[in-house]
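This report goes through one structure for a reader who has not seen it before. Please look over the sequence and the structure first.

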Amino acid sequence: MTASPTTTDVPAGTARLRPAWHVRPEQGWLNDPNGLARVDGRYHVFFQHHPTSTQHREIHWGHASSADLITWADEPIALTPRPGGIDAIGCWTGCLVVDDGVPTLVYSAVSVGDGSADVVLARGDAELRHFVADEHATAPMPRLEGVTDVRDPFVFTAAGRRWGVQGAGSPGGRPQLLLWQCDDLTEWQPRGVLVDDTDPVLGDVAAANIWECPNLVPVGDRWLLVLSLWRRVEQGRELHGVRWAVGDLRPEGDGLRFVAERGGVVDDGPTFYAPQLLLDADADRVLMWGWAWERDRTAEQVAEQGWQGVLTSPRELGVEDGVLVQRPAAELERLWAGTLEPAEVAGAHTFAVEADGPGALRLGGEEVAVWDAGARVLVDGSLVEVFSADGRTTTTRGYPTAEGGWEVVGEGRLHRLRPPTAG
């Protein structure tokens, strides 16, 4: 990860755009967070990654770890596509399960570009630094009517059993989530459909052709479902944001059915997609990271900076009055390092705003983000995250230059941010 700048040593040029404390490898492509885990007191975040290209191709699994959620150590690449193998095109989104003491990655192995994928396991050592992937599928691509695309296995425990769920659908069809029983992680038994768009809540708030990156975790006495929307459009396809639903899991035959009661938008920004949730049992909370893609950048600009994509900050999730709320993880308070003077904002690399009233963040006179009273705004390199007082969030990107730096408009307090030197 990139070291943080001091207040007098702000990076110049494209280095200024690189986040100081968010997860982001030194170079290459990054998208979906994967395999979130807390093992022996240490947090692990994996992510889809190409180490030498700024394009989405031959996806590997990158890996970073942290003891405190703000100081991240680069770890060895966990998964690499195998030419001619079951994951020749890429090791796509999945999760991590500690199975009988063995850290095990459960991922989408892609060998052809037709939307199909197999579930494959990769077992790791105790330090989660070296993984060996199976050469066969644990759950081969299912052959189901109306399903051409399957991806993104996520494993959860409910009713004393272990289950797997996958996003599914087709470019011209309707979305659904497939359910598997996997008490034995090597034996996935099909258990039908967990939920589809006949659910009136999800049919309304999560209209799509394919549901991607499903996550299902208990929050209090309810279940929180988060999924990402893949839609077919005239230009090809559109990644159309992320939705949440709160509801119940009910027995149905030899499986389960998710019944939503209320749902909505996870993030109001234009650059947020494919989050993954971590049930952090030791801290009695649910954490979430998302992928923030680049915005309005040319191929030349991306090539010059040498990297593309960043993960958001870790967010604590809750359900209040039936609605999803998000707050910055409590550990992020350790970033705060004194007052930032208004005259210093233009050249700042990473800073925070506590809003006392309506306000805005601008670059070159153009608004990058707006907020109301009570918001907390985190700016790190080119990543901007707004946490509203009501628990909503907005994720976007902004790219300061030597000619045009940040401007904060409105009443509030400005704070320097500086990660600790060790974590």
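Which strands each supply at least two residues of the lining of the largest pocket?

## The largest pocket

In this predicted model, the strands in question are β1 (28-39), β5, β9 (149-158), β15 (236-252) and β17 (272-280), and each supplies at least two residues of the lining. The largest share comes from β9, with four residues.

The lining of the largest pocket has 30 residues in total. Those nearest the centre of the pocket are H56, E212, W230, R237 and L239. The space in this pocket comes to about 750 Å³.

## Nonpolar cores

The largest nonpolar core is made up of 87 residues, and F156, L224 and F258 have the most contacts inside it. Strand β14 (residues 222-233) gives this core its largest share, seven residues. A further core, of 18 residues, lies apart from the largest one; A348, A355, A369 and V379 are among its members. In soluble globular proteins, nonpolar side chains tend to be buried together.

F156 can be followed in more detail. When its neighbours within four places in sequence are left aside, F156 is in contact with R161, R162, W163, V165, L179, L216, W223, L249 and L256.

## The open sheet β5 to β8

An open sheet is formed by four strands, in the order β5-β6-β7-β8, with antiparallel pairing. At its edges stand β5 (90-99) and β8 (131-133); each has a single partner strand, so one side of each is left without a neighbour in the sheet. From one strand to the next, the twist averages 30°.

Within this sheet, strand β7 (residues 118-124) runs antiparallel to β8 and is joined to β8 by three bridges. A122 has A133 of β8 opposite it. Strands of a sheet pair through backbone hydrogen bonds, either parallel or antiparallel.

Is β17 mostly covered or mostly exposed? This strand is mostly covered, as eight of its nine residues are buried. β17 also belongs to the strands that each supply at least two residues of the lining of the largest pocket.

Seven bridges connect β17 with strand β18 (residues 285-292), and the two run antiparallel. One of the paired positions joins D280 to R285 in β18. The hairpin of β17 and β18 has four residues between the strands, and in this hairpin D284 takes a positive phi near 55°.

Terms used
Residues numbered from 1 in each chain as written. Predicted model: local features only at pLDDT ≥ 70, side-chain atom pairs only at ≥ 80, totals over all residues. Heavy atoms only, no water. Core = buried A, V, L, I, M, F, W, Y, C linked by side-chain atoms within 4.5 Å. Buried < 20%, exposed > 50% of the residue type's maximum accessible area, 1.4 Å probe, protein only. Contact = heavy atoms within 4.5 Å. Pairing = 2+ DSSP bridges. Axes fitted to C-alpha atoms, helices over the stretch in contact; angles between N-to-C directions. 1 Å grid on protein atoms, 1.4 Å probe; cavity = no way out; pocket = protein on both sides within 12 Å on 5 of 7 lines; lining within 4 Å. Points joined across faces, edges and corners; volume = space filled by probe spheres on them.
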